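Q: I have a structure open and would like to talk through its packing and contacts. Could you take my questions as they come?

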Amino acid sequence: LMRENNRVYQEMKKELEVGRLVEEMYQLSFAECDISSFYKNILEFLKRTYRADRVLLYTYKEAMDMWVVEDATCAVGVMGKPAHLSVVLCSKMQVWIEQLKAHNIVFVESTEEYKKNHLTLWKQIQMQNIKNSLLSAIWVEGKLFGCSWLDNVEKIHDDWRLLEKAAVIT
């Protein structure tokens, strides 16, 4: 009985934490600020919540068939995204886009899995000292608008409700 009570308590604690984070995220979303401040606030929130080294916001520019880094934030001492990666051809993002479209959230537990099938990509990842990545799709009116991209995530929430809530903008 004691073990069961502890399990229920831990589950309730986790639910409350996710609820608190969702509320904080929504407060940031509804804060009156310009789009640049909004991006910064959300990226800082994600960096803090997931204890990530680097967080980027990519948006898809359909007319150019490119993904563009709109904003980024990094932990102290972490290299920002190299300039040559701030605009990425859609074909270079295809590996992740297909997964995002299918699942909304992609967690790359180890970047080593890309060494065999995507050597060039793996080399770029290694140059940036990325060990793992967490990507979340952002949908606007049913279309893939962009994605948040978190590198070297320390805190993995075992459910993705927070990112799922952030993924849909109507």
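Q: Which residues does leucine 100 touch, not counting those up to four places away in sequence?
A: In this predicted model, leucine 100 touches Ile105, Val106, Leu135, Ser136, Ala137, Trp139 and Cys147, with residues up to four places away in sequence left out.

Q: And which residues have the most contacts inside the largest nonpolar core?
A: Leucine 100 is one of them, together with Tyr58, Trp67, Met93, Trp96, Tyr114 and Trp149. That core has 24 residues.

Q: Which elements each supply at least two residues of this core?
A: They are E1, E2, H3, strand E4 (105-108), helix H5 (119-127), E5 and E6.

Q: Which one gives the most?
A: H3 does, with 6 residues. As a general point, nonpolar side chains in soluble globular proteins tend to be buried together.

Q: What other core lies apart from it?
A: There is another core, of 19 residues, and Tyr39, Tyr50, Ile105 and Leu134 are among them.

Q: Turning to the rings: how many aromatic pairs does the structure hold?
A: The structure holds 3 aromatic pairs. In one of these, tyrosine 60 and tryptophan 67 have ring centres 5.2 Å apart and planes at 40°, so the pair counts as tilted.

Q: Are those two residues buried or exposed?
A: Tyrosine 60 is partly exposed, at a relative accessible area of 24%, whereas tryptophan 67 is buried, at 1%.

Q: What about the rings of tryptophan 96 and tryptophan 149, how are they placed?
A: Their centres are 4.7 Å apart and their planes lie at 70°, so this pair is edge-to-face. The pair links distant parts of the chain, since tryptophan 96 belongs to helix H3 (residues 90-103) and tryptophan 149 to strand E6, 53 residues apart. Both tryptophan 96 and tryptophan 149 are buried.

Q: Which residues do ring pairs link into a cluster?
A: The cluster is made of Tyr58, Trp96 and Trp149.

Q: Let us move to strand E1. Why is it described as largely enclosed?
A: Strand E1 (residues 54-61) has 8 residues and 6 of them are buried, so the rest of the structure largely encloses this strand.

Q: Which strands does it pair with, and in what sense?
A: E1 pairs with strand E2 (residues 66-74) in the antiparallel sense, over 8 bridges. The pairing of E1 with E6 is antiparallel as well, over 6 bridges.

Q: What are the bridge partners, residue by residue?
A: Two can be given here: arginine 54 has cysteine 74 in E2 as its bridge partner, and leucine 57 stands opposite serine 148 in E6.

Q: What is there in the hairpin of E1 and E2, between the strands?
A: The hairpin has 4 residues between the strands, and aspartate 65 takes a positive phi near 55° there.

Q: What does its side chain reach?
A: The side chain of asparagine 152 comes to 2.6 Å from the backbone nitrogen of lysine 131. A polar atom of that side chain also lies 3.0 Å from the backbone oxygen of asparagine 129. Leaving out residues up to four places away in sequence, asparagine 152 touches Arg51, Ala52, Asp53, Asn129, Ile130, Lys131 and Asn132.

Q: And serine 133, where is that, and is it buried or exposed?
A: Serine 133 is found in strand E5 (residues 133-140) and is buried, at a relative accessible area of 5%. Its side chain makes a polar contact of 2.8 Å with the side chain of aspartate 151.

Conventions: Residues are numbered from 1 along each chain as its sequence is written. This is a predicted model: local features need pLDDT of at least 70, side-chain atom pairs count only at pLDDT 80 or more; totals for chains, interfaces and linings use all residues. Side-chain values use heavy atoms; hydrogens and water are left out. A polar contact is a pair of N or O atoms within 3.5 Å; within protein, one must be able to donate a hydrogen and the other to accept it, and residues adjacent in sequence count only if both atoms are side-chain atoms. Contact means heavy atoms within 4.5 Å. Buried means under 20% relative accessible area, exposed over 50%, partly exposed in between (1.4 Å probe, protein chains only). Two strands pair if DSSP finds at least two bridges between them. Rings of Phe, Tyr and Trp (its six-membered ring) pair if their centres lie within 6.5 Å; planes under 30 degrees apart count as stacked, over 60 as edge-to-face and the rest as tilted. A nonpolar core is a set of buried Ala, Val, Leu, Ile, Met, Phe, Trp, Tyr and Cys residues joined through side-chain atoms within 4.5 Å.
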